[in-house]
Amino acid sequence: MVRRRALWGGIAVFLLAFLARLGYLHEISDTPLFTAPVVDARTYVEEARYLSSTSWTGRTAPFWQPPLYPYALATLFALCGEDYYLPRLLQALMGTLTCVLVYLLGRRVFGTGIGLGAGLAAALYGPLIYFGGELLPALPAVFLDLLLLYLLCTGSSWWRYLLAGALTGLAALTVANILLFLPVLLGWLYWRDRREGLGPGLSLKSPALLLVGCALLVAPITLRNVLVGDDFVLISHNAGINFYIGNNADYQATTSIRPGRAWAELVEMPEREAGIEKPSAKSRYFLARSWDFAASEPLAYLKLMAYKAYLFARGDEIPRNLDPYFARNHSQLLSLLLWKHGLAFPFGLVAPLALIGLYAFVRSPTEQAPEGRLLQLFAMSYAVSVVLFLVTARYRLPVVPVLLLFAACGVRALWTLPRPALLSLPVLLLLCNAATGTMRTEGDAHEHYWLGYAYEEKGMPANAARHYRRALEFDPAFEEVLLSLAAIHGEAERYDKAIALYQRYLEHYPDEQGARFLLGNTCLL
């Protein structure tokens, strides 16, 4: 009877999760951005296109980003053509299996009720659904991290540790944050084996096997970077710049940089200011700049770290490229599952409940099995890895499934905790939802710029021009928009409007000789 109930619980989670994700894919499949990837998604698609059509060894440089996701896309492109629906469909299935893993993991560690509650919550968790529909590695990273935790919580044998190491390596080749959890994981394995009575020598066996499994996956990428890219880079060389973006005296400015002039100037800073050309040296340059800031202004750095920790616990979804709240315009399902109206749903509810669940877990020695301790350590170390760099919805996502498990524990604890502890819930709700602001459903300059770009890709210049004009209402000096809109008017032989836009561009960027050439050419026409 118990097994039958467990089976039906898993089936219920699977069906709800898969239907929700299929429904979301159906809703967004006719939007312009579905077939025109932008920002980071475009970077991954362009890399996958290069791998599948030019060279499977990649460009003659170390990898800029962890390479597993581009290689997965490239394989799909090579086998099935450049279809953008198939990878999203596979991610929908992966997201569904993630919800089932949440259920199985919760059932294993905390009991069937906790597992079922967390699994159903994951099935309808708006950001998990949203990022599953984006051509980004966030959802695959969530799946691999959770599969790793489930494997370690369901048995102990030499092949499991090797496989767990391989999963750790795969997760690192998807999103490298997991590497900061690796030493914690090795320590947990040693502690657990010692707790079970093994000697110091035998207790090192499982960590060693896991480390070997991880190295077997990561080492070929490092070797490829050395042989093809002529530089020693472990996985990718974007760690330094990402660390600098989140750790400098002008955090708000650097985290708001988007592709364009400002981003190019930031990327070129090591070469421009120090003549550094080697990718690994550029990464170290950015790391050194951040450490200089921390050393010279320790109080400002500690204040920044505290602020980022607050951002991590805050309920709203902080955008990195595109705003998830703007995506609600294209999906009724997402509108129901992701919103801000005083309460930033869902994370603004999940975070306080998860904190209460973690508190209940810590104060209850009978529940502190090694598996529960592993989940606690993962949640804490992954949160630290995000706070150390920069906090966005996409980077926070991998820790969400584990927090859902502790949130379910928090709901259960509300019936067992003493009354003073219960008063913490409204306080935590207030703290996690304060200053979240309102939803910008109208978007911003970048949202409308990318929509305009997508419509241009689809051969719909009138729609593109409409969104470009909307972008200029938000940012009158948006250089890419000014040039793109001028080009549309020029192609339509509306030369006066094109000339006016080029002149407007040169008022803001007078040293751009390319724009002067375009202006002169349009005047000739």
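This is a predicted model: local features need pLDDT of at least 70, side-chain atom pairs count only at pLDDT 80 or more; totals for chains, interfaces and linings use all residues.
User: Let's start with charge. Which residues form a positive surface patch here?

Analyst: Residues that join a patch have over 30% relative accessible area and no salt bridge. In this model, R466, R469, R494 and K497 form a positive surface patch.

User: Where is K497 placed, and is K497 buried or partly exposed?

Analyst: K497 sits in helix α28, which covers residues 495-508. Its relative accessible area is 48%, so K497 counts as partly exposed.

User: Thanks! Now the nonpolar side: which residues make a nonpolar surface patch?

Analyst: For nonpolar patches, side chains are joined within 5 Å. Here L7, W8, I11, L15 and L19 make a patch of about 530 Å². One of them, L15, lies in helix α1, residues 2-28. L15 is partly exposed, with 46% relative accessible area.

User: And how should I read L428: buried or exposed?

Analyst: The cut-off for buried is under 20% relative accessible area. L428 has a relative accessibility of 18%, and therefore counts as buried. You will find L428 in helix α24, residues 424-433.

User: What does L428 touch beyond its sequence neighbours?

Analyst: Leaving out residues up to four places away in sequence, L428 touches P352, L355 and I356.

User: How far is L428 from G81, in sequence and in space?

Analyst: The two are 347 residues apart in sequence, and their C-alpha atoms are 49 Å apart in space.

Note on methods
Residues are numbered from 1 along each chain as its sequence is written. Side-chain values use heavy atoms; hydrogens and water are left out. Patches are made of residues with over 30% relative accessible area and no salt bridge: like charges are joined within 9 Å, nonpolar side chains (Val, Leu, Ile, Met, Phe, Trp, Tyr) within 5 Å. Accessible areas come from the Shrake-Rupley method with a 1.4 Å probe; for residues, only the protein chains shown count as cover. A salt bridge is a side-chain nitrogen of Lys or Arg within 4 Å of a carboxyl oxygen of Asp or Glu. Lys and Arg count as positive and Asp and Glu as negative; His and the chain ends are not counted. The place of a charge is taken as NZ of Lys, CZ of Arg, CG of Asp or CD of Glu. Helices (H or I, at least four residues) and strands (E, at least two) are DSSP runs, numbered from the N terminus. Buried means under 20% relative accessible area, exposed over 50%, partly exposed in between (1.4 Å probe, protein chains only). Contact means heavy atoms within 4.5 Å.
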